[in-house]
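Dear colleague,

I am handing over the structure below, followed by some notes on what was found in it. Please read them with the structure open beside you.

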Amino acid sequence: ISLQTSDIALEKARNDRVKQFAKFEHDEQTTIAEVLKSMHPDMAPPPADPKMAGMVEKLRGMQPGAAFDRDYVMGQIEAHQALLDAQEDYLRKGQNREHVNVTKLARGMIQEHLVHLGELRKAVT
């Protein structure tokens, strides 16, 4: 979902910092997908959360501008917080060393993104 919404933001965002974040997110999600696919070639992406899938459709239907930028940032904050919660949950019970290590790396990046997104929220609201 984050990749999809970021691809939409690359087309529709008007705030340069929002566009920059969308580019970083696109590149990161593409890289993470490649890493996970190399670890598990037969792994399918997890099913999309219906609420987050609704965000994709909402953003697709919006016009470029300040409202789009705000909704994209708020959606990213919500998605990143949910992802951070999932990483923390896995780290409490994960057994596979490779998965735990990838999760630790992802957690750090997610935390950084939440800080960046908090700053972007101030810029777009």
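In these notes, contact means that heavy atoms lie within 4.5 Å. This is a predicted model, in which local features need pLDDT of at least 70 and side-chain atom pairs count only at pLDDT 80 or more, while totals for chains, interfaces and linings use all residues. Residues are numbered from 1 along each chain as its sequence is written, and side-chain values use heavy atoms, with hydrogens and water left out.

Helices are DSSP runs of H or I with at least four residues, numbered from the N terminus. Helix α4 has 28 residues, and its buried residues (buried being under 20% relative accessible area with a 1.4 Å probe, protein chains only) include Tyr72, Gln76 and His80. What covers the buried residues of α4 includes α1, α2, α3 (50-61) and α5.

Helix α2 spans residues 16-39, and there Val18, Phe21, Ala22, Glu25 and Glu28 are buried; their cover includes α1 (2-12), α4 (66-93) and α5 (97-124).

Glu25, in helix α2, is buried yet has no salt bridge, a term for a side-chain nitrogen of Lys or Arg within 4 Å of a carboxyl oxygen of Asp or Glu. The nearest side chain of opposite charge to Glu25 is Lys23, 12 Å away, where Lys and Arg count as positive, Asp and Glu as negative, and His and the chain ends are not counted. Leaving aside residues up to four places away in sequence, Glu25 touches Ser2, Ser6, Tyr72, Gln76, His80 and His113.

Best regards

Terms used
Helix = DSSP H or I, 4+ residues; strand = E, 2+ residues; numbered from the N terminus. Expected span 1.5 Å × (residues − 1). Buried < 20%, exposed > 50% of the residue type's maximum accessible area, 1.4 Å probe, protein only.
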